[in-house]
Amino acid sequence: MPTLAEQIGLARLKAVVARFYAQVRAHPRLAAPFARVHDWPEHLDHLSHFWWVSLGGARYLDYRYAVPAKHAAAGFTPALLDDWLALFAHTLAAELPPELAEPWLARAEKIGQSLRLMHELGHFAQAAPLPTATES
Ligand code: HEM
């Protein structure tokens with residue numbers, strides 16, 4: 001049974017990732033946090049590899065991801081995650097047949113839940129100074 005990554009194929013996966021981030025950069029709320037990305041070709045390479053491996057493909061890049069630190073720095077919030085997931089669902093439905101789009105979206109939703117939990121547990125607050133007792 002081929003993995004989901006293999007069923008999609010690397011070229012098609014890369015095209016989905018590129019289209020998604022083009023839409024992110026034009027989105028009224030997601031564009032601002034993503035303005036911190038300066039090397040878009042590199043970001044797209046890293047994200048394509050991230051999804052390839054997340055969907056069962058073999059690693060082909062020697063890159064260490066720093067997902068909590070980067071999302072803390074980017075100002076991740078649950079509301080932005082809702083925007084992100086809605087846009088991702090839209091891109092997947094436009095680019096892929098449902099039997100490939102649906103399991104990919106399910107994987108994204110699971111990762112989104114982990115990010116939401118990290119946010120709730122305060123992992124993303126470490127990059128910012130904690131409020132002091134005198135501030136209310
Ligand atoms: C399920 C949803 C999401 C997934 C799977 C995801 C995944 C990732 C991954 C794998 C990276 C690369 C990290 C690295 O290079 O070490 C990344 C970077 C980034 N993500 Fe997300 N992300 C999600 C949601 C969001 C949301 C809601 C925001 C809004 C703030 C966001 C903002 C960013 C930014 C700005 C970067 C680039 C940071 C930098 O290079 O400095 N992400 N994301």
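Author: Let us begin with contact: two residues are in contact if their C-beta atoms, placed from the backbone, lie within 7 Å. By that rule, and leaving aside its neighbours within four places in sequence, Trp 52 is in contact with Ala 5, Leu 10, Leu 13 and Gly 57. Please keep in mind that this is a predicted model, in which local features need pLDDT of at least 70 and side-chain atom pairs count only at pLDDT 80 or more, while totals for chains, interfaces and linings use all residues. Residues are numbered from 1 along each chain as its sequence is written.

Reader: Why is Trp 52 called buried?

Author: A residue is buried if 20 or more other C-beta atoms lie within 10 Å of its own, exposed if 12 or fewer, and partly exposed in between. Trp 52 has 24 C-beta neighbours inside 10 Å, and therefore counts as buried. Of the 136 residues of the chain, 14% count as buried.

Reader: What makes Arg 36 count as buried or exposed?

Author: Arg 36 has 10 C-beta neighbours inside 10 Å, so this residue counts as exposed. Arg 36 is found in the loop between α3 and α4, whereas Trp 52 lies within helix α4, residues 40-54.

Reader: How do you know how many helices and strands there are in the chain?

Author: Helices (H or I, at least four residues) and strands (E, at least two) are DSSP runs, numbered from the N terminus. Counted in this way, the chain has 7 helices and 0 strands.

Reader: What makes up the largest nonpolar core?

Author: A nonpolar core is a set of buried Ala, Val, Leu, Ile, Met, Phe, Trp, Tyr and Cys residues joined through C-beta atoms within 7 Å. The largest one here has 12 residues in all, among them Leu 4, Ile 8, Trp 51, Trp 52, Trp 84 and Trp 104. At least two residues of this core come from each of α1 (4-8), α2 (10-25), α4 and α6 (78-95), and α2 gives the most, with 4 residues.

Reader: Why are the buried residues of α2 said to line one face of the helix?

Author: The buried residues in question are Leu 13, Val 16, Val 17 and Phe 20. Seen down the axis of α2, they fall within an arc of 95°, so they line one face of the helix; the arc is that of the directions from the helix axis to the C-beta atoms. These buried residues pack against α1, α4 and α6.

Reader: What makes a residue part of the shell around the ligand, and how many residues surround the ligand?

Author: A residue is near a molecule or strand if its C-beta atom, placed from the backbone, lies within 6 Å of it. Here 23 residues surround the ligand, and the closest are Pro 33, Tyr 65, Ala 74, Trp 84 and Gly 112. By class, the shell has 17 nonpolar, 4 polar and 2 charged residues, where Ala, Val, Leu, Ile, Met, Phe, Trp, Tyr, Cys and Pro count as nonpolar, Asp, Glu, Lys and Arg as charged, and the others, Gly among them, as polar.
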